[in-house]
Amino acid sequence: MQVTTKKTGIQMANIIGIETEAPATTTILDNPYKIVRQLASTNAVVLFSLSGCCMCTVAKRLLFGLGVGPTIIELDHHGAGPDIQAVLFQLVADGRQPVPAVFVGGKFLGGIETLMACHINGTLVPLLKEAGGLWL
């Protein structure tokens with residue numbers, strides 16, 4: 001199995017492509033919970049998004065505007081997208097829309113409401129700096 005990352009521009013910073021050599025083997029990519037955990041723990045800032053979601057675009061623009069280069073997973077373009085979205089729905093647990101879902105420093109920050117609240121109250125930039133997602 002080989003995991004590749006393709007750069008396609010600002011709108012989608014990273015796309016995870018999966019090529020399997022032996023489908024009989026069980027890997028981290030077979031379990032959506034492990035996919036989320038692996039991505040969150042190995043990247044400073046991860047944004048799970050849907051390409052047509054306006055609030056996801058707001059989250060991307062905010063992070064890009066601050067100088068952050070998040071790892072963006074467009075769930076509607078990912079093979080395990082619906083399963084990952086189900087995992088994210090369990091994380092929010094209050095019935096809110098699970099995307100955009102933002103992880104900073106390996107921890108679930110929340111959705112657009114939490115991201116905007118942290119930005120407005122001044123805690124987002126220090127959080128991003130601590131996680132290594134922002135170098136100012």
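Author: Contact here means heavy atoms within 4.5 Å. The model is predicted.

Reader: Which residues is Cys-53 in contact with, leaving aside its neighbours within four places in sequence?

Author: By that cut-off, Cys-53 is in contact with Val-99 and Pro-100. In sequence, Cys-53 and Pro-100 are 47 residues apart, while their C-alpha atoms are 8.2 Å apart in space.

Reader: Why is Cys-53 called buried?

Author: A residue counts as buried under 20% relative accessible area. The relative accessible area of Cys-53 is 17%, so Cys-53 is buried.

Reader: Where is the place of Cys-53?

Author: Cys-53 sits in the loop between β3 and α2. Helix α2 covers residues 54-65 and lies across β3 and β4, at about 160° to β3.

Reader: What makes β3 and β4 a pair?

Author: Two strands pair if there are at least two bridges between them. Strand β3, residues 45-49, and β4 have 4 bridges, so they pair, and the sense is parallel. One of the residues involved is Leu-47, whose bridge partner in β4 is Ile-72.

Reader: What is the order of the strands in the open sheet?

Author: The order is β4-β3-β5-β6, with 4 strands and mixed pairing. From one strand to the next, the twist averages 25°.

Reader: Why are β4 and β6 called edge strands?

Author: Strands β4 (71-74) and β6 (107-110) each pair on one side only. They are the edge strands of the sheet.

Terms used:
Residues are numbered from 1 along each chain as its sequence is written. This is a predicted model: local features need pLDDT of at least 70, side-chain atom pairs count only at pLDDT 80 or more; totals for chains, interfaces and linings use all residues. Side-chain values use heavy atoms; hydrogens and water are left out. Helices (H or I, at least four residues) and strands (E, at least two) are DSSP runs, numbered from the N terminus. Axes are lines fitted to C-alpha atoms, for helices over the stretch in contact, and angles run from 0 to 180 degrees between N-to-C directions. Buried means under 20% relative accessible area, exposed over 50%, partly exposed in between (1.4 Å probe, protein chains only).
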